[in-house]
Amino acid sequence: MTSLIPAQTTTTPAARFTDITLSEAGKLAADRYQPWTGPSGEESTGEAVALHLEAAIRLLDQDGWVRIYDYSKEWSAGSDLPDEDTATPDEMLRALLRLVRDEAGTGPQRTLSTVLRHIGGSSHGDPDTAQIASNVLDLVIRAHTGCDTARATCWSERLTRTHQDITALLTAGALFARTYGPSA
């Protein structure tokens with residue numbers, strides 16, 4: 001199995017999330033269900049979750065981050081396809097190649113939720129650490145915004161977000177996991 005991510009992180013995170021934010025997130029975690037048990041029912045360590053989040057940073061640095069996927073091209077797909085009864089083989093081939101190119105997209109960019117899921121299917125994480133990492137990021141965002149219903153994925157999809165913002169969030173989440181998560 002080949003690794004999805006390079007060995008080193010190259011992005012310098014923005015200084016958005018302070019020690020006070022992490023302390024507040026720690027208080028939120030203490031006041032509610034601890035986010036360290038995944039869908040398997042087994043507990044993951046803070047270190048395992050931190051490694052998952054750091055691998056997500058490296059994958060985003062390698063492939064790029066995208067705020068949301070643009071599915072609008074799918075809504076209009078097909079309108080310029082030739083009628084199979086009247087199309088020449090060349091027209092059909094061109095249409096097929098255009099469709100494949102559109103489906104493949106312009107690059108491997110990932111959203112926050114997608115990168116967590118992709119790392120969850122690699123040698124750097126599993127579905128448990130993916131879910132727990134998402135829970136941790138939610139706690140950090142709740143502490144950061146002061147809003148009890150805030151979610152990291154929705155926060156990451158705001159129009160003003162940047163790759164650097166997402167890297168800062170993932171970095172803060174890894175620090176939180178190491179500081180507040182269970183040890184081995």
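1. Leu175 lies in helix H8, where helices (H or I, at least four residues) and strands (E, at least two) are DSSP runs numbered from the N terminus. Leu175 is partly exposed, with a relative accessible area of 43%; on this scale buried means under 20% relative accessible area, exposed over 50%, and partly exposed in between, with a 1.4 Å probe and protein chains only. The C-alpha atom of Leu175 is separated by 9.6 Å from that of Asp19, although the two residues are 156 residues apart along the chain.

2. Before going further, please keep the basis of these values in mind. This is a predicted model, in which local features need pLDDT of at least 70 and side-chain atom pairs count only at pLDDT 80 or more, while totals for chains, interfaces and linings use all residues. Residues are numbered from 1 along each chain as its sequence is written, and side-chain values use heavy atoms, with hydrogens and water left out.

3. Ala168 is also found in helix H8, and this residue is buried, with a relative accessible area of 3%. Ala168 and Phe17 are 151 residues apart in sequence, yet their C-alpha atoms are 7.1 Å apart in space.

4. Which helix crosses H8 at roughly 105°? It is helix H6 (residues 127-145), whose axis comes within 9 Å of that of helix H8 (residues 163-180). That makes H6 roughly perpendicular to H8, since angles of 65 to 115 degrees count as roughly perpendicular, those under 35 as roughly parallel, those over 145 as roughly antiparallel and the rest as oblique. The axes are lines fitted to C-alpha atoms, for helices over the stretch in contact, and the angles run from 0 to 180 degrees between N-to-C directions.

5. At this crossing, Val136, Leu137, Leu139, Val140 and Ile141 in H6 meet Leu169, Leu170, Ala172, Gly173 and Phe176 in H8, contact meaning heavy atoms within 4.5 Å. The residues of the contact divide into nine nonpolar, one polar and no charged; here Ala, Val, Leu, Ile, Met, Phe, Trp, Tyr, Cys and Pro count as nonpolar, Asp, Glu, Lys and Arg as charged, and the others, Gly among them, as polar.

6. The largest nonpolar core has 37 residues, and those with the most contacts inside it are Leu169, Leu170 and Phe176; such a core is a set of buried Ala, Val, Leu, Ile, Met, Phe, Trp, Tyr and Cys residues joined through side-chain atoms within 4.5 Å. At least two residues of this core come from each of helix H1 (19-31), helix H2 (46-63), helix H5 (112-120), H6, helix H7 (152-156) and H8. Not counting residues up to four places away in sequence, Phe176 touches Leu22, Ala25, Gly26, Ala29, Trp36, Val136, Leu139, Val140 and Gly181.

7. Gly38 lies in the loop between H1 and H2 and is buried, with a relative accessible area of 10%. Beyond residues up to four places away in sequence, Gly38 touches Asp128 and Ile132, while its C-alpha atom is separated by 9.6 Å from that of Ala133, 95 residues apart along the chain.

8. On the chain as a whole, there are eight helices and zero strands, and 38% of the 184 residues count as buried. Among contacts between residues at least 6 apart in sequence, 83% join residues at least 24 apart.

9. Finally, the chain averages a pLDDT of 83, and 78% of the residues score at least 70, pLDDT being the predictor's confidence in each residue, from 0 to 100. Over residues 9-13 the pLDDT is below 50, and this stretch has 13 contacts in the model beyond near neighbours in sequence.
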